[in-house]
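Hello,

Here is the structure I said I would pass on. My notes on it follow below.

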Amino acid sequence: MPLYEVLLQQLANGLILGSFYALVALGYSMVYGVIKLLNFAHGDLYMVGAFAGFGVLSLISGWVGGGWGGIVPAILFSMLAVGVLGVIIDRVAYRPLREAPKLSVLITALAVSMLLENVALAFTGGQYTAFTTSLGFAGINLGMVHVTWTQMVLVGTSVVLMVVLELFVSGTRHGKAMRAIAIDQDACRLMGIDVDRTIALTFLIGSALAAAAGVLAGVYYGSINFFMGFLIGLKAFTAAVIGGIGSIPGAMLGGILLGLLEAFGTQIPGVGSEWKDVFVFAFLILFLVFRPTGLLGQPEVERM
Amino acid sequence: MSEAAVRLGRPGWSIRRALGVVVLLAALAAVPGFANNYYLEVLSEAWFYVLLCLGLNIVVGFAGLLDLGYAAFFAVGAYTAGIVTLRLGLSFWLSLPISVVAASIAGVIIGGPTLRLRSDYLAIVTLGFGEMVRISVRNLAVTGGASGLVGIERPTLFGYHLDSIGAYYYVFLLLAVLGVVASHRLENSRIGRAWKYVRSDEDAARAMGINHAMVKLAAYILGAIFAAIGGCFYAAKMTAISPETFTFNQSLLILLGVVLGGRGKIPGVILGALVIVIFPELFRDVGSMRMLVFAISLLLIMLFRPAGIWPEKWR
């Protein structure tokens, strides 16, 4: 293939990968923004979402088929179920530790992550589960590059979810409450904001987005497994940091940027796919050294 | 603390306490006399994790910096030993100073850029660093790629070939004891106090003239050296090392030992290290579910004892 077609193909790959990263990064960024917790279980919610979607799809594909007619209900159910799971996790594991040292909460989050992974491991026996759909490979051709309708719908769905989220957070009372809690929890309590409920809402939305990404990734890659959440969790956090943690447009930008970086990184001579993660993490470290607030983050004022 | 000890300005070493330590060490040294190989294997591993947890405790416990990539330093030690003996054909004992230098450099690489960062970013940078090291040893030719290094020669000490599990029981017991002594001395030294000062209030510490960057860097380097020395002996004991030993889960396990037991408190960390090794062994019958049981127990401990089982008293 000529060079520009390789680049075009990687652009398409990077955008799709980036939109998954962005969806997962949004949840990370929202939770971090509101309660300053690095929710390690977030990547695993993406994995649980994929399995929930798979479960629904295999139940209903008998009479609605394995196309979008089955996938859309699967996504919606998975978002609801995992959203509720996120709220339960917050209630059981994180809320009792709101005043505890940061490190303790972080360890709790790691424990929840281990728990989810091992439950999934026990159910699947560690095997890859084939996520079969009846979506074809029809699409449009741009030169030698073939982009399927499925890929376009995946990116489109991600973008729609992100826009809805941004409108919600910037335009509604609940969104305003979230932003207020991020600034000063105690002041929020004094102003009559139900802090615990707003945090629960943040977990609901963040987890639902991760679940949506999980189902979409299942549709895209065609297989799911119990450890699929680990690496994407790591990279989504990287994306959130690059974009500026706590910022919603930042998480989207960071996600897309990371996806593109990874796709083009494999084309650099000497990098290749086995070195791509080293490339991504080295980029993250350099990025943090030179711009620790991320692309769109607010510089944090350290109070004495 | 007894009054005499307070006057001497160091933790109390009453006759009774000293006697207790001697009896405990004698009992531990006598274990290979009657225990079978299974127990020796598990206990050697436990001493090994005591060393690693004590090393990580310097970073996480004393200095209050999160490190999610500690297995990288362990990998540096193990691969140094492997490369020194296999690729360079030198004596195993030379790998100890070399790995100390290598670990210090790794400590500066990870510590340097992260000194200015917020604590949560540290988590992700150290995690990324750990993954970078693992992927690198997996892809490089000198480290043997995915299959790792095989056939590392076991060392000889004063004409005695260290080639039995009993010998390694003593090696790791000795390393653990040295680790405890070193941690204890560090904790009560000038730098130990500086770590705890920076941990509780970095701004106040800086105002008092503590060079916070140097102090944090020292924590990373010393912690790395513990893991590197442990890693050398690990390579000698196993004779084969592969990248899959140094995954994120390994870093996590060591961190769990530190936090579970009680970060910042040496007896707590020892307890935590013993728990992470012995607990999964006790639940071997549950098979693949044992990590699940472990995760639930960890969750419960964190919910009811957020500072660990045997926490440090804050003064």
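This is a predicted model: local features need pLDDT of at least 70, side-chain atom pairs count only at pLDDT 80 or more; totals for chains, interfaces and linings use all residues.

The phi of Thr239(B) is positive, near 60°, although the residue is not glycine. Most residues other than glycine have a negative phi. With a relative accessible area of 22%, Thr239(B) is partly exposed, because buried would require under 20%.

Chain A has a residue of this kind in Lys36(A), where phi is near 55°, again a positive value in a residue other than glycine. Lys36(A) belongs to the loop that joins α1 (3–35) to α2 (42–64) of chain A. Its relative accessibility is 29%, so Lys36(A) counts as partly exposed.

A helix pair in chain B

Helix α10 (residues 212–238) of chain B has helix α7 (residues 165–187) of chain B as a partner: their axes come within 11 Å and cross at roughly 175°. Angles over 145 degrees count as roughly antiparallel, so α7(B) is roughly antiparallel to α10(B).

On the α7(B) side, the residues in contact include Ile165(B), Tyr168(B), Phe172(B), Leu175(B) and Gly179(B). On the α10(B) side they include Leu222(B), Phe226(B), Ile229(B), Phe233(B) and Lys237(B). By type, the residues of this contact divide into 13 nonpolar, three polar and one charged.

Helix α5 of chain B

Helix α5(B) covers residues 92–114, and its 23 residues should span 33 Å at 1.5 Å a residue; the end C-alpha atoms are 33 Å apart, which agrees.

Which residues of α5(B) are buried? Among them are Phe92(B), Ser95(B), Leu96(B), Ser99(B), Ala103(B), Gly107(B), Ile110(B) and Thr114(B). In an α-helix there are 3.6 residues a turn, so residues three or four places apart point the same way.

Helix α9 of chain A

Helix α9(A), residues 228–243, has 16 residues and should span 22 Å at 1.5 Å a residue; its end C-alpha atoms are 23 Å apart, in agreement. The helix is mostly covered, with 14 of its 16 residues buried. Gly244(A) follows α9(A) and has a positive phi, near 105°.

Regards

Methods. Residues are numbered from 1 along each chain as its sequence is written. Chains are lettered from A and ligands numbered from 1 in the order in which they are written. Side-chain values use heavy atoms; hydrogens and water are left out. Axes are lines fitted to C-alpha atoms, for helices over the stretch in contact, and angles run from 0 to 180 degrees between N-to-C directions. Helices (H or I, at least four residues) and strands (E, at least two) are DSSP runs, numbered from the N terminus. Angles under 35 degrees count as roughly parallel, over 145 as roughly antiparallel, 65 to 115 as roughly perpendicular and the rest as oblique. Contact means heavy atoms within 4.5 Å. Ala, Val, Leu, Ile, Met, Phe, Trp, Tyr, Cys and Pro count as nonpolar, Asp, Glu, Lys and Arg as charged, and the others, Gly among them, as polar. The expected span of a helix is 1.5 Å times one less than its number of residues. Buried means under 20% relative accessible area, exposed over 50%, partly exposed in between (1.4 Å probe, protein chains only).
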